[in-house]
Amino acid sequence: MVEVKQEHEKCIGCGACAAMCPDNWEMGPDGKARPKDTKPKEVGCNKQAESVCPVKCIHVKE
Ligand code: SF4
């Protein structure tokens with residue numbers, strides 16, 4: 001099982017995760033990113049989103 005977590009309050013809204021992994025990350029109305037699915041079947045590009053986040057607020061467990 002894949003688990004995708006975000007420490008939402010830490011997000012600085014840089015957009016890197018949404019650019020790297022638009023399949024599972026989008027920018028919300030508060031200007032911060034949010035995951036589309038927190039328990040996806042496949043990890044897909046979520047690991048890349050985790051790596052690219054400058055404040056390390058994305059955590060992906062497989
Ligand atoms: S990469 Fe990190 S800081 Fe940037 S929008 Fe995504 S979650 Fe927020």
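## Contacts and overall fold

In this predicted model, residues 24 or more positions apart account for 52% of the contacts with a separation of 6 or more. The protein contains two helices and four strands, and these follow one another along the sequence in the pattern β-α-β-β-α-β.

The C-alpha atoms fill a box of roughly 30 × 20 × 15 Å along the principal axes. A compact globule of 62 residues would have a radius of gyration near 11 Å, and the 10 Å of this protein agrees with that value.

## The nonpolar core

Of the 62 residues, 24% count as buried. In soluble globular proteins, nonpolar side chains tend to be buried together. Here, the largest nonpolar core has 10 residues, among them Val-4, Trp-25, Ala-49, Ile-58 and Val-60.

Trp-25 belongs to this core. Apart from its neighbours within four places in sequence, Trp-25 is in contact with Cys-17, Ala-18, Ala-33, Pro-35, Lys-36 and Ala-49.

## Surroundings of the ligand

Sixteen residues lie around the ligand, and Cys-11, Cys-14, Cys-17, Ala-33 and Cys-53 come nearest. The core also includes Cys-11, Cys-17, Ala-33 and Cys-53. By type, the shell around the ligand consists of 12 nonpolar residues, three polar and one charged.

## Glu-3 in strand β1

Glu-3 lies in strand β1, which covers residues 3-6. Glu-3 counts as partly exposed because it has 13 C-beta neighbours inside 10 Å, whereas a buried residue needs 20 or more.

Beyond its neighbours within four places in sequence, Glu-3 is in contact with Thr-38, Lys-39 and Lys-61. Glu-3 and Glu-50 are 47 residues apart in sequence, and their C-alpha atoms are 12 Å apart in space.

Definitions and conventions:
Residues numbered from 1 in each chain as written. Predicted model: local features only at pLDDT ≥ 70, side-chain atom pairs only at ≥ 80, totals over all residues. Near = placed C-beta within 6 Å. Nonpolar A, V, L, I, M, F, W, Y, C, P; charged D, E, K, R; others polar. Buried ≥ 20, exposed ≤ 12 C-beta atoms within 10 Å, placed from the backbone. Contact = placed C-beta atoms within 7 Å. Core = buried A, V, L, I, M, F, W, Y, C linked by C-beta atoms within 7 Å. Rg over C-alpha atoms; globule rule 2.2 N^0.38 Å.
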